Amino acid sequence: MTAASLSASPRNLRLRANALWLAAPAIAFLIVFFLIPVGRLLFLSIQGDTGNLTAEHYSRLLHTEVYWRILIITFRIAGLTAFFSLLLGYPLAYWLSQLRENRRNQMLLLVLVPFWTSYLVKAFAWMLLLGNQGVLNRLLGGAGIIDGPLPLMYNEFGVIVGMVHAMMPLAVLTMMPVMSGIDTRLSQAAGTLGANGAHRFWMVYFPLSIPGMAAGGLLTFITSLGFFIVPAFLGGRQQTMLAQLIIIQVQELVNWAFAGVLATMLLVSALIACWIYNHLFGLASLSAGNSTTDKTSSAWTRRFGFALLEKLAWATSAVTNRFAGKSRGRLLPAYVALIVFFLVVPTLMVIPIAFTSSDFLEFPPPGYSTRWFSLYFNSPIWISATVRSFGVAFATAIAATVIGGFAALAIARSRSRFGGVVFAFMLAPMIVPRIVIAVGLFYLFAQMGLVATNLGLVIGHTVLSIPFTFVAIAAVLKGYDWRLDQAAASLGAGRFQVLRLITVPLIRGGVISAFLFAFVTSFDELTIAIFVSGGLKSTLPKQMWDDMILQLNPTLAAVSVVVLVIVTAILLVADRLRR
């Protein structure tokens, strides 16, 4: 029996027709714990005290200048973060895409470790670096470059530095797959027609990499819109963002209606950004897929774009011609080394401070001691939070991998016209700002009695983890040979047997990677924990958040090292298993 006849058999046609039903658990789960909570939160923004529909909450927003100022600040910081993340991360993504696959995978760890390291650890590291008595001011003062400390923190500069450090790995990891898929023969063909290196890059390679840049810009912009950790610790009153205001409205003022108004503003902003991106490139490219959207532009836009690229090519040629051949070839590696230093060193800075003998945060430490680790391991509060984080992360990883895996299998096997809708729905929790999801779940869980429960934490973390497991497993299934499943079915194997004995073993590397990434996502998650933990079921990030708000101390450095070691070990295991 041939593959063609197998694919045309009634049994296989029934399999393919029903394949989309495998996504039913994921769809049902996200409807109950994502769509409904977010929808109810948004509905609160138009609900009056007596339950009637009203626009008074939006009227308050329109007539209060401070909220518009915070909205502008939020857009400004998110926009600048996305811009600098792309600008500084593009050369690194380009350099990684030019490496051989094995070498690229090794070097990717230098991006993955900062990417998956807790935002709290990174914020803590930058507080040590940028403070008035921080490392940078001490170094500059000791070198005689400055007379007094520079204001590097509690202002927009500190926020942008911390945000770019947190978001650049996301931009790089989004751009690199698109760059790796560009056919290098196109640039070679341009070279045979007389184009120099600068013109080959700007006129051929760069336009082909624009979808990756746009995807990276979209994800960093949307993530930055709902960010609050870095602004809370590195910014001042003038850098308050909408997410911080939502937290205040819920936790301090208990004003759910106005929290819904602010959440609506964040969500609408994110949806507009997604609509623009989907119109130009197609949301499928977010998973390194091929866009099916017709990307058209006016003749005027094309002429202007190519004229601008031509100017950039001439300018690049003029600059690079000033360097000798060997020096020119060292420019990109030198820049990459500088960016990797920027990504890695701030996080590593906490290691020596965790072993300080001082009662205060000093660098360099006056002496070394392990007493802060002893304090951590002997603290019932810290150990309880750590154990809970491990348990919640393990349960989340199992749930998210199973739910997201079946959804990815459904999309890969189905040819239904609804596949695109399901695909977009699976990515929705990645696109909607986390603070909106967290507040919506808090409102729902308060009525269901799931606040301050481990189950509530697992459900919330699973909602956020499903897009990661879905994309990871869907990427593996793109290269899967479905004729193997068909052959097993023709020999009498049932659907469950085919899945258990054929499909899962062949894609186990992607499944394990999805499991580990979901584990790290949950282990590092703070936004859900702030609301759902209720102060009684603190996770490790929530306990760190509480301590950082009260007082910075070397115990936090010791905890940061523990988190860094755990995340690094998980990433190394994931890389080993994937290979």
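Modeller: Before we start, a word on accessibility: a residue is buried under 20% relative accessible area, exposed over 50%, and partly exposed in between (1.4 Å probe, protein chains only). Keep in mind that this is a predicted model, where local features need pLDDT of at least 70, side-chain atom pairs count only at pLDDT 80 or more, and totals for chains, interfaces and linings use all residues. Residues are numbered from 1 along each chain as its sequence is written, and side-chain values use heavy atoms, with hydrogens and water left out.

Colleague: OK, salt bridges. How many does a search of the whole structure find?

Modeller: Five. To count, a side-chain nitrogen of Lys or Arg has to sit within 4 Å of a carboxyl oxygen of Asp or Glu.

Colleague: What does Arg 434 pair with?

Modeller: Glu 525, with 3.8 Å between the closest N and O atoms. That pair links distant parts of the chain, 91 residues apart: Arg 434 is in helix α21, while Glu 525 is in the loop between α25 (508-524) and α26 (527-532). Helices here are DSSP runs of H or I, at least four residues, numbered from the N terminus.

Colleague: And Glu 525, buried or exposed?

Modeller: Buried, at 1% relative accessible area. Arg 434 is partly exposed, at 29%.

Colleague: Which residue does Lys 542 meet in a salt bridge?

Modeller: Asp 546, at 3.0 Å from N to O. Both are in helix α27 (residues 540-550), four residues apart, which is about one turn of the helix. Lys 542 is buried at 8%, and Asp 546 is partly exposed at 24%.

Colleague: What about Glu 65, where does its partner sit?

Modeller: Arg 69 is the partner, 3.6 Å away from N to O. Glu 65 and Arg 69 both belong to helix α5 (residues 65-97), four residues apart. Glu 65 is exposed, with 61% relative accessible area, whereas Arg 69 is partly exposed at 40%.

Colleague: Where is Tyr 154?

Modeller: In the loop between α8 (135-142) and α9 (156-180). Tyr 154 also has a positive phi, near 60°, in a residue other than glycine.

Notes. Helix = DSSP H or I, 4+ residues; strand = E, 2+ residues; numbered from the N terminus.
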